[in-house]
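The questions below go through selected local features of one model.

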Amino acid sequence: MKSSINISTNYILKLAFPAIIAGIAEPVISITDIAIIGNMEGDSVDALAAVGLAGAFLSTVIWTLAQTKTSISSIVSKALGNKSLDKINDLIPQVIWINILMGLVIYAVTAPLATFIFDLYKAKGEVLELTASYYQIRALGFPLTLSAFAIFGIFRGLQNTSWAMIASISGAVVNVALDYLLVYGVDGWLDGLGLTGAALASLAAQSTMLLIALFYFFKNTPFTLFIQRWKPHALLGQHIKLTVNFFLRTLAINICIYLSYRYANGYGVEEAATHAILMNIWLFFSFFIDGFANAGNAIGGKLLGAGDRESLRYLALKTNTFGIGVSVVLALICALFYNLIGGWFTDDPQVDLLFVNTFFIILLMQPINAVAFVYDGIFKGWGEAPYLRNLLLLVTVAVFVPVLLLLDYFGFELKAIWLAFFAWMIGRAVFLHLKFRNRLARMM
C-alpha cells in the first residue's frame, strides 16, 4: 500500500529509532540501579526490593504528570500539519513552566510522606526505611524530568526524535558511570554509598538530560522558554483538558502497578524483589517498543491535521509490523538466555528461581503489547484522550482486577500478577484496533 503524502517506511523508522533510544533511557537507569544494588554485598534482597518499589512509584508519578508531553506533542504536530506553528509560540513556555511547578509541588507533598506512602504498598521494616530514603533523594528530580519531558514532547511534535535521543543517551551514560562509582566507591578515595549513591547517580542523569534538551530547544526550535505574555494562551485550556484526560488514563495504569506491588510485597520480600526485576524488564520492553508508538504519535497528529486517511492506514500497518517484529526478536533473544538473566540482577537463589518461573509470561505478551502501544500512540497523536481514558479504566476494572483476584485466590502469586497484566494488554489491543478501523471508516 502506498502512502498518499510520502509517509514512507524510512520516514517512520527515522522517527521511531531515535524514539526507541530516547524511550529506553529511563528504564535503563532503573535497570542499572537494580542490577548494581542486587549484587551488593550484604542483604541485597532488601535493598533490591526497596529500589524496585521506589523506582516503580517514581515511574508511575512521572508517567502521570508527564502526560503534558503527549498533549503538547499532539498540539504541536497538528499545528505543524496545518502550518500554524506561529500561533502556539506563547503556549510553549507556559507548558514548560507548568511542568516545573508541578514537579516542585509533587516533591514537596510526597517526600515528607515517603514512609506513609510506601507503607501503603505493604513495605515493612528495613525495606520500608530503605525505600523511603532512596525515594526522597530521587524525588528531587521531578521538576528536572517533567520539564525535560515537556521539551521532548515539543521535539516529537516537530517530527524530530533525535534530539531527545541524544539527551537520553547522555543521561543513561552518566547514570551507569556514577552508579559504579557512588554505589561501590573507590578504594582509598571514596566510600561506597549504596542506595544513596544510586539515587544521586540517577539525579545527575536527570540533570544531564535536561541540560542537553534545553540546548537543542534554544538552538533548533522557534520557541522560547521565556513567557512573553502572562495571559493564558487560547490553546492552554485544550492542553490542560488533554492532560487531565491523559492523567486519568495513566491513573488506571498506576492502579494496576500499585496493586501488583502491594500483592508482591504481601507474598514476601523475595517475591517483592523478583517483582521489581520483572517490572523493570517489562518497562524496558515497553519503552523499547513504544518507539514505534512515538512515531505513530508524531505522524498521526500531522496526518489527521491534513485529513489524509490512506496515509493513516499505511502508518498503522507499518508501525504495527515493525512493533510486532521487534517484540518477537526481543522475546527470542531473552529466551536464548532465559536461565541466565535473573543472575544478572541478583545473587539470591530464591529470587532467581522465582524469576525463572515467571519471566516467560512477560515474553509471551510482547507481540500483544506492541499492538496496544502502537495504536495507543496514534490515538494520542489524534488527541483522543477521553477514549483512551475510558478504555484504560474499563479494562482495569473489568479485566485486570478480576483476573488478579481470581488467580491470587487459587495461589498463583507472582504468576497471578503477570497473567492479569497479560489479559489487560489483550483487552487494550483488541479495543484499540476496532476503534481505529471505525475511525478510518468515518473519514471516507
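**Loops, helices and a cavity**

Q: In which loop is the place of Lys-122?
A: This is a predicted model, in which local features need pLDDT of at least 70 and side-chain atom pairs count only at pLDDT 80 or more, while totals for chains, interfaces and linings use all residues. Residues are numbered from 1 along each chain as its sequence is written, and side-chain values use heavy atoms, with hydrogens and water left out. Helices are DSSP runs of H or I with at least four residues, strands are runs of E with at least two, and both are numbered from the N terminus. On that numbering, the place of Lys-122 is in the loop between α5 (114-119) and α6.

Q: What is the phi of Lys-122, and what is the phi of Glu-413?
A: Most residues other than glycine have a negative phi. Lys-122, which is not a glycine, has a positive phi of about 70 degrees. Glu-413, in the loop between α16 (385-409) and α17 (414-442), is likewise a residue other than glycine with a positive phi, and its value is near 50 degrees.

Q: Are Lys-122 and Glu-413 buried, partly exposed or exposed?
A: With a 1.4 Å probe and protein chains only, buried means under 20% relative accessible area, exposed means over 50%, and partly exposed lies in between. Lys-122 has 37% relative accessibility and Glu-413 has 34%. Lys-122 therefore counts as partly exposed, and Glu-413 also counts as partly exposed.

Q: Which residues does Val-127 touch, not counting residues up to four places away in sequence?
A: Val-127 lies in helix α6 and is buried, with a relative accessible area of 8%. Its C-alpha atom is separated by 9.3 Å from that of Leu-53, 74 residues apart along the chain. With contact taken as heavy atoms within 4.5 Å, Val-127 touches Asp-46, Ala-49, Ala-50 and Val-269.

Q: Which helix supplies the largest share of the lining of the second largest cavity?
A: A cavity is a set of points, on a 1 Å grid over the protein atoms alone, where a 1.4 Å probe fits but cannot get out, and lining residues have an atom within 4 Å of a point. The second largest cavity holds about 30 Å³ of space, and its lining includes Ser-30, Tyr-134, Arg-138 and Asn-280. α1 (9-38), α2 (44-65) and α6 (125-138) each supply at least two lining residues. The largest share, three residues, comes from α1.

Q: Which backbone nitrogen does the side chain of Thr-224 reach?
A: Thr-224 is found in the loop between α9 (195-220) and α10 (236-267). Leaving aside neighbours within four places in sequence, Thr-224 is in contact with Ile-92, Pro-93 and Phe-217. At 3.1 Å, the side chain of Thr-224 reaches the backbone nitrogen of Phe-226.

Methods:
1 Å grid on protein atoms, 1.4 Å probe; cavity = no way out; pocket = protein on both sides within 12 Å on 5 of 7 lines; lining within 4 Å. Points joined across faces, edges and corners; volume = space filled by probe spheres on them. Polar contact = N/O pair within 3.5 Å; in protein donor to acceptor, adjacent residues only side chain to side chain.
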